Amino acid sequence: MLVFIAAAVIYPQKQPIYQNSSYSIYPESVVQGEYSAQVKSEGSIVSNYLPAFSGGLDRNLIFKFSINGFDNERPPGLDHRVLLNPNQGGFVTPVYTFGRSTEADTVLEDGPEYPIAPNEKFQVVFRVNMNEVLASLQTEGSFTCYNGQVITKKDFKGVYIMGSATPLNWDFPGLTKEKQFLLTDPDKDGIYEISLEFVNHFRRAPAEDGGFIWKQSLDLKGLPEYQSPYPLLNALYKMSLEEMRENLRDDGAFMAGEKWTGVWTRDISYSILLSLAIVHPDACRTSLMAKVKDGIIIQDTGTGGSWPVSTDRMTWALAAYEVYLSTRDKKWLRTAFDIIRKSVKADQKNIFDPATGLVRGETSFLDWREQTYPRWMQPADIYSSPALGTGAVHARTYQILALMADKLNEDGDFYRMQHSELMHHLNQQFWNEREGYYNSFLYGRIFSVRASRTEALGNALMVLFNLSDGKDEQIIKNYPVSEFGTPVVWPQEPGIPPYHNNGIWPFVEAFRMWSAKKVYNEAAVMHSFASLVRSSALFLTNKENLVAETGSSAGTEINSDRQLWSVAGSLAWVYRMLLGVEMNEQGVLFQPYIPGGLKGKHELKNLKLGNALFYISVEGEGSAIASYKVNGKTKEKRIFNHSEKGTYKIEIVLRKEESTADMSLKSVSFAPMMPVPRFDRRNISWDEVPGAELYNIYRNGELLTWVHVPNYTPDEDDFVSEYQISAENSDGLESFLSEPLRTGTAEFHFSLPSLHGSEEEYITLLPDENQFITFTIRLPEEGTFSIDFLYANGSGPVNTDNKCAVRTLQINGGTGSTVVFPQRGTGDWESYGYSNVLSANLMEGINTFRLSYDPLDRNMDGQINTARVMLMRISRIYGS
């Protein structure tokens, strides 16, 4: 336990603004059981919510070991756990065995739990038994990790540690650069160890009467001023403005948060869209230009080597256009249009899927693949997987390009057509009529299945961008929410620690609030608003994320204070909801919405948009406008051309009308574990899944049947078919589908070096070497075939960096299709896997293939675009 008496401070309370079974929000405070946050003045808040103040030092430490800096000890979610329990300044962990689960991972230390004083420093000695690894290296010359990665004796560089609390982190790519995380074996007994210093750092200063205090320390002069009858809201607004200021770097750009000093494309873009374009457009422009290289938008480091596996860089377009709408800067409009148009050309070639009419790539923002994708999905699989949120971003981008083109007197018809078609396909393929919301992605290998999961950001964007084809109210009503907010995914995946999974992200909550405001669903608006207010007040900062089940900031895999998009989310409830600031091609307008719990006078002063200055006051409740005055006179025209100079005093009185008040409040729910089937060339079998009522059998992307026993005998067929299994529980929640199992015999393998006239084991593809290779194969009959390549890419790790190799495949002189060869491990050129799968109609007899490097195949690194390709696999597909 921490040395701190956390007695709840009792204040005389007024009628609550919001209340549920877990917490209450009052005009001056938030109360959650024994915890409370109380406004002392409009520049200070005191909170006694202990889990938020120990600098991320959750005593239940999650960690794992690593060979050579790879994530190769144990599967995701099966990490080691230990209770940090120092006595007299030190703590020694049990001895763990590399790659194995031990009792120490599940049983906390017996005996007393020693107190840790605020800002106390203590040493922790971690120990791991490496004898099994060392013996294998000695006798076999190599060691095979759980994920199939082979570490040879000569390549063994050492054992590292990573974990959930500072000084540890989860930055696998940076491990080998950080020698302080390298374990040693001082007495040569095979037990490696390391001593690290932990600090029980308290972020906020202690308050005089108990608890911790945020006290305004920066001058907010020149920024918009908000005032309401609710001291808590006034103080939180100031705290968020201050944290925005604290996130400004010396170069004038915004950093992503206290822990993340870089500028990240999606973070800054969603932040700008939520509110920052309104409050600080100059820093927004600077930040956006920091994410442009050679005239194209940068996709940050990501899964498999970033773009085109991660493909949500077009969030930049959303933000850039919002900056234009805020400033009416025509020079910026031209600059942004050229950058977006150039970037879209590469996306149009490489990520547009003509078979589905969708865009491929990882779900926007959900970029930790183990958190939200089934474990079998490799980066090549994620590339092939169209996602709702990413598709919504691209649809809005096409609409923005059309609008920009109109302003610049250029032809925008192509972009309008792309927007319309993508909107159609998003609705056609992601809408779940039974549930009344959109599912999150399509996945598979040769054949695709719509995932039974959903995600909050994509659904909110479909509403905000007018993409839902009239289904806005259903989406807001039916998306599942929990006591503490809106989980970013639903249902949750068992065995995966909270982050995206079992997580609430305030910036996503803000988008949910904004989209609920669009349809005036008061219950949904207040639920999201309350979630934002509760977390920032109790935590005294705008945290990156919190655990969906508990509402706590402690216990997530990674977390940061003053996270930029969380800051922007807190500002959004002032700008986007209460004052209703909206900007479009005609100008700026104010469409305020005051839920009943917040009625009263809300004022925003010194709001500068373009060349205009606004002073706005809103009274009453609801959304219907009873009166609207500008500079003392009643006005019917309520849109302002803010490219012209002017000062406007706007007085709005609202009246309440009937509105929707339904939402789907549920306990946080977990899907069953995913089955892992085995195929013995005749029968498919798998271990029973706890809690499963039945097992669904899928064949070639379609539900075939269901069984109650863990085995199934597929039909015999010469064509190649894919079978997948899912578990379903009594609540109707379905697990992820298992990795596709191939059946059938119509599969052919061709050695690319042999086809190319080489005796080498593989062909190395480089941008300036083997820029194109041409080869032919002979087939006994025509038909529809799947095509993929066995390759290696050791240019970077599986989970980050930016060196995914990209090539174009032409068949029989036809239109080229993109083949991606994502990274499989830094320096690991012996790890082979398959590329994405293409489908094509091939002829009987000779077929000609050309694998080439196109200028639009340039990846985010710009120089290293390398893969070793061993063979091509061609499979005759069932039903062709």
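Biologist: By class, how many charged residues does the lining of the largest cavity have?
Modeller: Keep in mind that this is a predicted model. The lining of the largest cavity has six nonpolar residues and six polar ones. The remaining class in that lining is the charged one, and its count is three.

Biologist: About how much space lies in the largest cavity?
Modeller: Let's begin with how such spaces are found: rolling a probe the size of a water molecule over the atoms shows where empty space is left. The structure holds four cavities of 30 Å³ or more. In the largest cavity, the space comes to about 100 Å³.

Biologist: Which residues that line the largest cavity are the closest to its centre?
Modeller: The lining of the largest cavity is made up of 15 residues. Both α7 (369–372) and β25 (454–455) supply at least two residues of that lining. The residues closest to the centre of the largest cavity are Thr 372, Phe 441, Arg 453, Val 489 and Phe 736.

Biologist: Let's turn to pockets. What volume does the second largest pocket have?
Modeller: A pocket is open, while a cavity is a place where the probe fits but cannot get out. For the second largest pocket, the volume is about 690 Å³.

Biologist: Which residues of its lining are the closest to the centre of the second largest pocket?
Modeller: In total, 29 residues line the second largest pocket. By class they divide into eleven nonpolar, 13 polar and five charged residues. Closest to the centre of the second largest pocket are Asp 353, Pro 354, Ala 355, Arg 360 and Val 837.

Biologist: Which element gives the most to the lining of the second largest pocket?
Modeller: The elements that give two or more residues to this lining include α6 (330–350), β19 (352–353) and β53 (838–842). The one that gives the most supplies three residues, and that element is β23.

Biologist: Now for some single residues. Is Ser 24 buried or exposed?
Modeller: Ser 24 lies in strand β2 (residues 24–26). Apart from its neighbours within four places in sequence, Ser 24 is in contact with Tyr 18, Gln 19, Ser 29, Val 30 and Val 31. Its relative accessibility is 9%, and the cut-off is under 20%, so Ser 24 counts as buried.

Biologist: What is the length of the polar contact that joins the side chains of Ser 24 and Gln 19?
Modeller: Gln 19 is one of the residues in contact with Ser 24. Their side chains are joined by a polar contact of 2.9 Å.

Biologist: Which residue in β15 does Ile 45 stand opposite?
Modeller: From strand β5 (residues 44–47), Ser 44 and Val 46 point one way and Ile 45 and Ser 47 the other, and all are buried. Strand β5 runs antiparallel to strand β15 (residues 212–215), and four bridges join the two. In this pairing, the residue opposite Ile 45 is Trp 214.

Biologist: And which residue stands opposite Ser 47 in β5?
Modeller: Strand β4 (residues 35–41) pairs with β5 in the antiparallel sense over four bridges. A hairpin through two residues joins β4 to β5. Opposite Ser 47 stands Ala 37.

Biologist: What is the relative accessible area of Asn 427?
Modeller: Asn 427 lies in helix α10 (residues 413–430). Its side chain has a polar atom 2.9 Å from the backbone oxygen of Met 423, and a polar contact of 2.7 Å joins the side chains of Asn 427 and Lys 471. Asn 427 is buried because its relative accessible area, which the cut-off puts at under 20% for a buried residue, is 12%.

Biologist: In the peptide bond from Trp 490 to Pro 491, what is omega near?
Modeller: Pro 491 has its place in the loop between β27 (489–490) and β28 (503–504). The peptide bond from Trp 490 to Pro 491 is cis, with omega near -15°.

Biologist: Does Asn 812 count as buried or partly exposed?
Modeller: Asn 812 is in the loop between β50 (805–811) and β51. Phi of Asn 812 is near 50°, a positive value in a residue other than glycine. With a relative accessibility of 32%, between the cut-offs of 20% and 50%, Asn 812 therefore counts as partly exposed.

Note on methods. Residues are numbered from 1 along each chain as its sequence is written. This is a predicted model: local features need pLDDT of at least 70, side-chain atom pairs count only at pLDDT 80 or more; totals for chains, interfaces and linings use all residues. Side-chain values use heavy atoms; hydrogens and water are left out. Buried means under 20% relative accessible area, exposed over 50%, partly exposed in between (1.4 Å probe, protein chains only). Contact means heavy atoms within 4.5 Å. A polar contact is a pair of N or O atoms within 3.5 Å; within protein, one must be able to donate a hydrogen and the other to accept it, and residues adjacent in sequence count only if both atoms are side-chain atoms. Two strands pair if DSSP finds at least two bridges between them. On a 1 Å grid over the protein atoms alone, a cavity is a set of points where a 1.4 Å probe fits but cannot get out, and a pocket is an open set with protein on both sides within 12 Å along at least five of seven lines; lining residues have an atom within 4 Å of a point. Grid points are joined across faces, edges and corners, and a volume is the space filled by probe spheres set on the points. Ala, Val, Leu, Ile, Met, Phe, Trp, Tyr, Cys and Pro count as nonpolar, Asp, Glu, Lys and Arg as charged, and the others, Gly among them, as polar.
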